[in-house]
Structures are given as structure tokens and as C-alpha cells.
Amino acid sequence: MNKEFSRFDQIPFGRASDTITKGCLVLEGGAFRAVYGEGVLDAFMLEDINMECTIGVSAGAMNGLNYVAGHIGRAIRFNLEHRYDSSYVGIKAVQQNKGVIGFKTAFDDDKAEEPLDIYHFYNTPRKFYAVCTNVLTGKPEYFEKNSCSDIFQAIRASASMPALSAPVPLDASYFLDGGCSNKVPIEWALEQGYEKIVVVRTQHKGYRKKELNNLEIDAINRFYKEYPLLADALSRSAEIYNAQCDLIEKLEEEGRIFVIYPSEPLDVGRLEPDLEKLGDVYFLGYANAKEHMAKLKEYLDLAPSI
């Protein structure tokens with residue numbers, strides 16, 4: 001098992017410009033599979049593609065936090081440096097956070113090697129939304145950085161995996177992973193009226209989720225018997241996700257949205273321990289974004305790189 005990444009020193013470092021690109025960026029989650037998106041976003045920032053609105057689900061919301069704050073390379077460096085910190089992923093995280101991911105460590109800037117630029121995150125005119133699932137209604141809710149009571153609590157809720165995490169209190173209700181009800185919020189971006197929409201996937205093109213069988217649905221209903229509407233959403237999540245995949249591919253074919261997918265299936269687990277694998281997936285995202293950069297800029301009506 002590799003516990004160090006051999007190309008760590010090749011990860012880019014820096015800050016994004018203040019240039020703002022019109023349109024909405026939609027970020028899929030997927031736990032540590034989302035390091036792919038970290039590579040994509042770093043490539044975006046290096047090319048001055050800083051979307052005016054970013055909406056993220058689960059680990060996609062955590063990536064979006066770094067993107068809107070303008071930190072190039074921070075997200076992947078943090079994951080590689082802290083993967084074996086049990087207060088981030090492990091027993092201490094469960095004890096301190098009531099979940100498998102330690103958000104106290106993730107958001108504790110007093111101990112961070114690269115502190116988050118919170119001032120820039122809040123004061124840039126760029127919008128940022130985290131998608132969470134209300135455990136009482138089973139429906140997604142969308143928390144914006146400057147309008148909810150605590151956007152960091154919303155990000156924590158968005159990335160709190162069902163069954164492995166306790167519901168997170170926020171604004172008079174309780175929430176879990178946004179992916180329980182809305183894994184890729186493409187419909188939301190369309191409803192907001194954005195003419196330019198960029199979607200960063202963490203599953204390869206053509207991927208569809210296997211729907212749950214009756215035994216699996218019964219297990220969900222038993223586990224979440226106190227939250228029957230959440231159980232229903234979880235039971236139907238594959239169906240909802242597959243419909244979103246169909247819609248995304250249709251809109252992409254029509255030229256209405258731009259999508260970046262992994263060019264190959266990502267061979268990483270949700271809590272992947274192998275840092276070499278994680279780093280390779282990051283650089284795959286970076287390379288895929290670079291490969292599509294000219295077409296992306298054309299779609300966004302941006303001048304090509306000189």
C-alpha cells in the first residue's frame with residue numbers, strides 16, 4: 001500500500017485570478033473519487049476559468065469551496081497529506097464528527113498548512129451552493145454561502161454519507177449527503193436560467209447505477225424507519241441518478257452544456273487508502289481538462305490560450 005504520492009511536488013500551487021466567467025459549474029461528488037474533480041478545477045483556475053456560480057454535491061461541495069476561494073492545488077494536497085490522519089478519515093473522525101469524515105480537521109485553519117482564504121471565499125461576487133438532503137422530507141435543499149446561517153455546516157451535511165454519518169443540524173432541520181436525493185444538480189442549474197453550464201462528472205460517460213433490489217430497499221427502510229421519506233429517496237436514488245445521466249448526455253449532444261468526464265473508469269474506492277491511486281486520478285482530471293480546454297473556451301465564448 002502506497003502511503004506517499006511520488007508526484008506530490010508536481011501538483012500546481014498558486015491563487016486564481018479575479019477574472020469571473022459567466023455561467024454555472026456543477027460538481028458531482030463521490031467521496032475520494034472526487035479527487036478527479038480537483039484536478040479539473042486546478043486546470044480551470046490556471047486558465048482563468050472561474051465560474052460565476054458553483055454548485056457542489058458531497059465531496060463536490062468541498063472541492064467547490066477551494067475553487068471559489070481560489071486555491072490552486074490545496075484540495076488535493078490536503079487529501080494526500082491527511083488521508084492517514086485518523087481525525088480526518090478514521091476512528092477519531094467518527095468520535096469527533098459522528099461520521100466517517102472529520103470536518104473539524106478539514107475546516108480547522110489553526111492547524112492547516114495552507115489556510116483557507118475565508119475572506120476571499122465570502123467576499124468574491126461568485127456564488128456558491130452546497131446541496132444537502134433534508135432527512136425529514138427526503139428532498140434536496142440548496143444552501144448559498146451568503147444566505148444560509150453556516151455554509152460550512154451545509155458543506156459538512158452535503159458530504160455526510162448516509163448510514164455512516166449522523167444527520168447534521170442546520171437552519172431548524174437535519175440533513176445528510178446531497179447525493180441521497182440529487183447527485184448531479186443539472187436541473188437546478190437549468191432552472192436558474194444559466195445559458196452556459198459546465199458539468200464535472202466523476203463517473204465515465206455511459207455509466208449507469210445498478211438499481212437496488214427488494215432486500216436492499218428493505219434494509220434501507222429498516223435503517224431509516226424514523227425517516228421514511230429519506231428512505232424512499234435512497235431507494236430511488238439510482239433511478240433518479242440514471243435519469244440525470246440521460247438528461248446530461250442529451251443536453252451535451254445538443255450543445256447546451258459542456259461536460260468533462262473521466263476518460264476511463266476511476267479505480268478508486270470511496271475511502272481509497274492508496275495515495276498513488278488518488279494522485280493519479282487527480283492528474284487524470286487535470287489532463288482531461290487540459291485536453292478539452294480549447295473546446296471549453298469556445299463553448300464559454302472565451303479567447304483561446306496564446
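Which residues in α1 meet which residues in α3? The legends below take up that contact and then move on to other close-ups of this predicted model.

**View 1. Helix α1 packs against helix α3.** Here Val35, Glu38 and Asp42 of α1 meet Ala75, Ile76 and Asn79 of α3. Sorted by class, the contact of α1 with α3 is made up of 3 nonpolar, 1 polar and 2 charged residues. Two packed helices are described by the angle between their axes and the distance between the axes. For α1 and α3 (residues 74-82), the axes come within 8 Å and cross at roughly 145°.

View 2. Let us turn to the strands. β2 and β3 run parallel and are joined by 5 bridges. In this pairing, cysteine 24 stands opposite cysteine 53 of β3. Look for threonine 54, which stands opposite phenylalanine 128 in β5. β3 is mostly covered, with 6 of its 7 residues buried.

**View 3. Lysine 22 and glutamate 52 form a salt bridge.** The side chains of lysine 22 and glutamate 52 meet with an N to O distance of 3.6 Å. This pair links distant parts of the chain, since lysine 22 belongs to strand β2 (residues 21-27) and glutamate 52 to strand β3 (residues 51-57), 30 residues apart. Is lysine 22 buried or exposed? Its relative accessibility is 60%, so lysine 22 counts as exposed.

**View 4. Aspartate 117 and arginine 15 form a salt bridge.** This is one of the 15 salt bridges that the structure holds, and its side chains meet at 3.2 Å, N to O. Aspartate 117 sits in the loop between α5 (103-106) and α6 (118-123), whereas arginine 15 sits in strand β1 (residues 14-15), so the pair ties together parts that are 102 residues apart in sequence. Aspartate 117 counts as partly exposed because its relative accessibility is 24%. Arginine 15, at 42% relative accessibility, likewise counts as partly exposed.

**View 5. Aspartate 232 and arginine 236 form a salt bridge.** In this pair, the closest N and O atoms of aspartate 232 and arginine 236 are 3.1 Å apart. With a relative accessibility of 37%, aspartate 232 counts as partly exposed. Arginine 236 counts as partly exposed too, at 35%. Elsewhere among the salt bridges, shared partners join Glu47, Lys290 and Lys297 into one network.

View 6. Why does glycine 279 count as buried? Buried means under 20% relative accessible area, and glycine 279 counts as buried because its relative accessibility is 0%. Leaving aside residues up to four places away in sequence, glycine 279 touches Phe5 and Leu80. As a reference for distance, isoleucine 101 is 178 residues from glycine 279 in sequence, and their C-alpha atoms are 19 Å apart in space.

Key. Residues are numbered from 1 along each chain as its sequence is written. This is a predicted model: local features need pLDDT of at least 70, side-chain atom pairs count only at pLDDT 80 or more; totals for chains, interfaces and linings use all residues. Side-chain values use heavy atoms; hydrogens and water are left out. Buried means under 20% relative accessible area, exposed over 50%, partly exposed in between (1.4 Å probe, protein chains only). Contact means heavy atoms within 4.5 Å. A salt bridge is a side-chain nitrogen of Lys or Arg within 4 Å of a carboxyl oxygen of Asp or Glu. Helices (H or I, at least four residues) and strands (E, at least two) are DSSP runs, numbered from the N terminus. Two strands pair if DSSP finds at least two bridges between them. Axes are lines fitted to C-alpha atoms, for helices over the stretch in contact, and angles run from 0 to 180 degrees between N-to-C directions. Ala, Val, Leu, Ile, Met, Phe, Trp, Tyr, Cys and Pro count as nonpolar, Asp, Glu, Lys and Arg as charged, and the others, Gly among them, as polar.
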